[in-house]
Amino acid sequence: MKKEVEKILQYVQKPARYIGGELNSVVKNKDEVALRYAFCFPDTYEIGMSHLGMKIIYSLVNDREDAWCERVFAPANDMEEQMRKYDVPLFALESGDYIKDFDIIGFTLQYELSYTNVLNMLDLAKIPLKSADRDSLTPIICVGGPCCCNPEPMADFVDIVFLGEGENSTNEVLDLLKECKQKGLSKQEFLLKAKDIVGVYVPSFYEDSYNEDGTLRELKPINDAPAKVKKAIVSDMDKVFYPKEFVVPFIDIVHDRAVEEIFRGCIRGCRFCQAGFIYRPIREKSVDVINEQCKALINSTGYDEISLCSLSTSDHSDVNNMLESLIDWTVKDNINLSLPSLRVDNFSDELVDKLNKVRRSGLTFAPEAGTQRLRDVINKNVTEEEVINTCTKAFDNGWTSVKLYFMMGLPTETMEDIEGIADLGMKVLHAFYNNPNRQKGTGLQVSISCASFIPKPFTPFQWEPEDNMESLKEKQKHLLEYVPSKKIKISYHETPTSLLEGVLARGDRRLGKVLLRAFELGCKFDSWDDQFNFDAWMQAFEENNIEPYFYTQRKRDFSELLPWDHLDFGVSRKFLELENKKAHENKTTPHCRIKCAGCGANKLNGGNCDARS
């Protein structure tokens, strides 16, 4: 660690965020590696250290002898104040070296409201914010993650965008960068070669133009760039790289445990869910590999908890055998097995029996909408009867805490649908107190969490208008007034952040100047309610003569060119249009294991999709 960094740590609240040296962190001799990679998470240490994607890429790069990947997190306000006061540039945890001297700097974009943190981190690193102002080959600034299915608002600031899954494309980019460094090639020469790597998008090789009504006219490829850029995809989950060890933090983080990814993709097709479409097709790990990887992580970290990671854990085709084999050794070794993302429609007796053998926590389910009509609109394919039966089954087995996730502002939503949220909560309460198997003296807490629906790219609702702030506030108020019991706890999202998230989610390149101005006005940590500055954002929009509601409250026509139409995440536009039409007809689509709906995602995986098997 550099002396100037060590000097300022005494003035910050949590110095352990910035010192490195944790168990399993990787330290190499910088003189013996050809490439240095700074993996940046644009939020605090506690949040970033919980992110599985960072753990995978960190270990993947460090598995190479010729490269060293180090971690970088957004400094909290107290640390940033000291860094700017004493002119200390942004540094990496493992070496303490300034990241401006690294070869590649990567940011994961998990959430639209982290974009100003990316700019702030580049500024702290003393790196020019705009790609056009960075002439030298290194550092290459790249981004990846789910927000990259529409990276256009960030196009001015990044050199390359990783689309899809980065295990293979990361190594290909590193190989290319190493070659370009050795040959003394320019940044432009590197980018011309990088554009041909599957899953790599070079924003500067596309020129945007607009119609008189403000809609996108064209995003024209130049420099022989592809008209459509395909996402990268991993075919065999059993053979893809997965870490044998995680860095174990010195301080508490949000999810401080071992994490095992059991499959990618989703069979369900919920029309609001971006992840359910952009991670298609579904690909599973075998039970043997899951067990082997879980044991390796427990042995290397000392954790006493494993969380199984997927979009819907109980949809693994061999879930019962998987849980049986995991429970065999986790119970014996006092390891807690955490099973998030359970569905109410496959909460079987056999699954309950397995769950009874692990340490018990509250159950979480996501009906998403309060009425059957609206659940059909969003293709949730869950009935009220299934919700009540599942909760009753849980109560029979001793559970006394249930959390239900809903969304507000869904297309075609009415106040009757809002009232349905409270009604369903009350029916869950009644199911508990009318249960003859209930242990006397026990009570139930029903927690209802309502997120504001944001239409996202590559979903059937990508053409839909977003509910406005006034309407959302009215619905939130109505729900609170309508809930008749204090045993039901209601929480919901603040509406101004939902507006900004919606703008950035479906925005185009013109938002780059708004982002830059918002950063100049002091915006950062926009996802934190106590730091979000709505007035500054509105000033940034106004100064750049851009109307934010153009991006949120306008219903798009199927004929409109969307800012992400040049990117191919596998699911066809025709399929999404059909699903949108079915939503407005209150019609559902069976999940992938019942009947293939022909979404097209299997074409990126050689025609293969585990959902068909």
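User: Why is C180 called buried?
Analyst: C180 has a relative accessible area of 0%. Buried means under 20% relative accessible area, exposed means over 50%, and partly exposed is in between, with a 1.4 Å probe and protein chains only. The value for C180 is under that limit, so C180 counts as buried. The model is predicted, so local features need pLDDT of at least 70 and side-chain atom pairs count only at pLDDT 80 or more, while totals for chains, interfaces and linings use all residues. Residues are numbered from 1 along each chain as its sequence is written, and side-chain values use heavy atoms, with hydrogens and water left out.

User: What does C180 touch, not counting residues up to four places away in sequence?
Analyst: C180 touches L137, L185, F190 and K193, where contact means heavy atoms within 4.5 Å. By contrast, A225 is 45 residues from C180 along the chain, and their C-alpha atoms are separated by 19 Å.

User: How do you know that helix 6 meets helix 7?
Analyst: A helix here is a DSSP run of H or I, at least four residues long, and helices are numbered from the N terminus. Helix 6 covers residues 166-183 and helix 7 covers residues 187-194. V173, L176, L177 and C180 in helix 6 meet F190, K193 and A194 in helix 7. By class, this contact has six nonpolar, no polar and one charged residues. Nonpolar here covers Ala, Val, Leu, Ile, Met, Phe, Trp, Tyr, Cys and Pro; Asp, Glu, Lys and Arg are charged, and the others, Gly among them, are polar.

User: What describes the way helix 6 and helix 7 pack?
Analyst: Two packed helices are described by the angle between their axes and the distance between the axes. For helix 6 and helix 7 the angle is about 145° and the axes are 10 Å apart. The axes are lines fitted to C-alpha atoms over the stretch in contact, and angles run from 0 to 180 degrees between N-to-C directions.

User: Is the crossing of helix 6 and helix 7 left-handed or right-handed?
Analyst: The crossing of helix 6 and helix 7 is right-handed. A crossing is left-handed if the near helix is turned anticlockwise from the far one by less than a right angle, and right-handed if clockwise.

User: E577 has a relative accessibility of 19%. Is E577 buried or exposed?
Analyst: E577 counts as buried, because 19% is under the limit of 20%. E577 lies in helix 20 (residues 573-584). Leaving aside neighbours within four places in sequence, E577 is in contact with W463 and F558.

User: Why is V428 called buried?
Analyst: V428 has a relative accessible area of 0%, so V428 is buried. V428 is placed in helix 14 (residues 415-433). Beyond four places in sequence, its contacts are V387, I388, C391, F395, L404, L444 and V446. C391 sits in helix 13 (residues 384-396) and also counts as buried, at 0% relative accessibility.

User: What makes helix 3 largely enclosed?
Analyst: Ten of the eleven residues of helix 3 (residues 52-62) are buried, so helix 3 is largely enclosed by the rest of the structure. Among the buried ones are M54, K55, Y58 and S59.

User: Why is helix 17 called largely enclosed?
Analyst: Seven of the ten residues of helix 17 (residues 511-520) are buried, so that description applies to helix 17. Its buried residues pack against helix 5, helix 16, helix 18 and helix 19. After helix 17 comes G522, whose phi is positive, near 100°.

User: How many cavities of 30 Å³ or more are there, and what makes a space a cavity?
Analyst: There are seven. On a 1 Å grid over the protein atoms alone, a cavity is a set of points where a 1.4 Å probe fits but cannot get out, and lining residues have an atom within 4 Å of a point. The largest cavity holds about 200 Å³ of space. Its lining has 25 residues, with R280, C592, C596, A597 and C599 nearest the centre.

User: What gives the most to the lining of the second largest cavity?
Analyst: Helix 3 gives the most, with four residues. The second largest cavity holds about 90 Å³ of space, and its lining includes M54, K55, Y58 and S59. By class, that lining divides into five nonpolar, three polar and three charged residues.

Technical notes:
Helix = DSSP H or I, 4+ residues; strand = E, 2+ residues; numbered from the N terminus. 1 Å grid on protein atoms, 1.4 Å probe; cavity = no way out; pocket = protein on both sides within 12 Å on 5 of 7 lines; lining within 4 Å. Points joined across faces, edges and corners; volume = space filled by probe spheres on them.
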